[in-house]
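Please examine the sequence and the model before reading each solution.

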Amino acid sequence: MTAEIFPKVKTIDLRKKHIGPSCKVFFSHDPIKIVRAKGQYMYDENGVRYLDCINNVAHVGHSHPMVVKAGAEQMELLNTNSRFLHDNLVQYAQRLQATLPEKLSVCYFVNSGSEANDLALRLAWEYTGHKDVITLDNAYHGHVSSLINISPYKFHQLANAEQSKSVHVALSPDLYRGNYRQDHPDPATAYADDVNNLIQKAHEKGHKVAAFIAESLQSCGGQVIPPAGYFQKVAQHVHRAGGLFIADEVQVGFGRVGTHFWAFQLQGEDFVPDIVTMGKPIGNGHPMSCVVTTREVAEAFKNSGMEYFNTFGGNPVSCAIGLAVLDVIEKEDLQGNALRVGGYLTRLLEQQKEKHPLVGDIRGRGLFVGAELVRDRVKLTPATAEAQDIIYKLKEQHILLSADGPHRNVLKFKPPMCFSEEDADMVVEKIDQILTGTLNAPLTFLPANITKSSHDILEGLSSVIVCIRSVTLKTWGEQNQQPLNRQDSCFVRRC
């Protein structure tokens with residue numbers, strides 16, 4: 001039986017009526033209705049094809065036949081909870097552990113990255129007997145209450161929110177616009193010392209640190225790549241304080257970085273976290289995630305006396321799908337593809353940096369790449385509105401890309417791992433045309449038909465920044481009796 005496909009306007013109306021208003025959609029002034037997808041491409045209700053540069057969830061490609069077949073065949077046989085013995089659970093745990101350092105040997109299967117990170121905190125609290133958590137500025141670890149508390153990316157959006165006294169925010173190890181940059185003689189030590197200072201301040205107040213948690217590469221924080229050696233030095237400080245190191249691989253694991261299967265391995269073979277969390281790509285869109293830890297931590301959790309049970313975590317269908325994803329990564333050499341195509345994409349973007357002053361920095365590993373846009377390469381003034389303008393113009397060219405980071409000025413590339421060099425050529429060519437003003441109109445900073453009432457939070461932020469700047473420019477022009485240039489005049493007209 002094929003479900004009825006509503007006209008797009010009806011879908012929008014029903015969403016407004018029945019779906020929570022804080023649940024955002026991409027391109028809110030003219031959202032895309034996707035009805036099917038294959039590989040790195042998505043198709044709307046009219047059959048228009050879009051290149052997907054956003055979906056790190058469809059890790060091995062949308063609707064991969066091996067993954068679909070594995071899930072369907074197991075669903076025909078059995079799906080039940082993990083209190084019954086089933087080979088899929090232990091086989092998958094064994095396959096997953098083989099990709100990790102030996103001491104990370106015990107798995108807990110859950111249903112989402114948020115659930116995985118929440119459980120990781122529980123493990124740390126139980127093992128250490130401590131409560132405090134150190135997180136990184138601009139970090140995002142999930143949407144449940146315990147994780148909003150340790151996600152500055154989220155709680156900074158709440159005007160009247162008070163930071164939990166048991167949460168300490170360390171500097172993001174950003175070598176481009178952080179406190180310690182590429183010209184610093186030892187940024188890894190400098191950023192690690194900041195963590196140690198937080199530990200000491202916590203101790204002075206009678207607090208004890210249970211865990212330091214970090215995305216192995218910060219995603220929502222702006223595609224930040226920590227300096228080599230940073231995690232090792234942080235782990236030394238945290239372990240000395242009796243805490244554990246949690247590596248969040250929810251967005252960057254499973255070969256995306258190309259050179260390694262896990263992004264934390266970029267720090268070197270001598271670094272092994274105490275807990276690793278994973279999600280999103282683990283099931284290629286199927287709701288599945290996992291926490292992997294050491295035998296010692298797992299035993300301490302058991303000794304608390306509270307049984308851990310998860311109705312759907314590790315069910316036979318989920319594990320069949322997880323096994324199929326691992327098979328596809330290996331069979332199609334998707335980790336190798338991430339290395340090759342990611343390197344190619346990075347080189348193309350570096351050429352744009354040489355060509356266009358608006359492109360301030362290119363950074364990434366494998367198919368996890370960010371292009372930070374700035375108005376001034378010395379002052380690093382964020383080009384927030386321009387980034388929004390670019391992603392809207394790309395959407396008009398049937399390319400889906402997003403912008404993120406604390407200033408929403410970093411173009412984020414995290415496509416399905418089957419992304420090709422031809423795909424990279426196409427998206428970078430379109431970006432080049434937009435930046436040179438040869439594709440449609442020159443940069444207008446925001447689509448002309450966007451209204452304040454139709455903005456979601458992200459785009460609303462861009463509007464505010466644009467309008468604040470327009471007022472400043474207008475005042476400057478009047479005071480100095482100077483005409484505004486074409487781009488600055490555009491800012492004023494928009495507001």
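The crossing of α3 and α10 is left-handed, meaning that the near helix is turned anticlockwise from the far one by less than a right angle. This is a predicted model, in which local features need pLDDT of at least 70, side-chain atom pairs count only at pLDDT 80 or more, and totals for chains, interfaces and linings use all residues. Residues are numbered from 1 along each chain as its sequence is written, and side-chain values use heavy atoms, without hydrogens and water.

**Exercise 1.** Describe the contact of α3 with α10.

Solution. Step one: contact means heavy atoms within 4.5 Å. On α3, the contact is made by Asn88, Leu89, Gln91, Tyr92, Arg95 and Leu96. On α10, the partners include Pro316, Cys319, Leu323 and Glu330. Step two: sorted by class, the contact has 8 nonpolar, 3 polar and 3 charged residues. Here Ala, Val, Leu, Ile, Met, Phe, Trp, Tyr, Cys and Pro count as nonpolar, Asp, Glu, Lys and Arg as charged, and the others, Gly among them, as polar. Step three: the axes of α3 (residues 87–97) and α10 (residues 316–331) come within 9 Å and cross at roughly 35°.

**Exercise 2.** Determine how α2 is oriented relative to α10.

Solution. Step one: the axes of α2 (residues 65–77) and α10 come within 8 Å and cross at roughly 155°. Step two: α2 is therefore roughly antiparallel to α10, a term for angles over 145 degrees. Step three: the crossing is right-handed, the clockwise case. Step four: Met66, Val67, Ala70, Gly71, Gln74 and Met75 of α2 meet residues of α10, among them Pro316, Ala320 and Lys331.

**Exercise 3.** Which residues are buried in helix α8, and against what do they pack?

Solution. Step one: buried means under 20% relative accessible area, with a 1.4 Å probe and protein chains only. In α8 (residues 230–240), Tyr230, Phe231, Gln232, Val234, Ala235, His237 and Val238 are buried. Step two: the buried residues pack against β5 (132–136), α7 (187–204), β7 (209–215) and β8 (244–248). Step three: just after α8, Gly242 takes a positive phi of about 85°.

**Exercise 4.** Is Glu162 buried or exposed?

Solution. Step one: Glu162 lies in the loop between α6 (152–155) and β6 (167–170). Step two: the relative accessible area of Glu162 is 74%, and exposed means over 50%, so Glu162 is exposed.

Notes
Axes fitted to C-alpha atoms, helices over the stretch in contact; angles between N-to-C directions. Helix = DSSP H or I, 4+ residues; strand = E, 2+ residues; numbered from the N terminus. Parallel < 35°, antiparallel > 145°, perpendicular 65-115°, else oblique.
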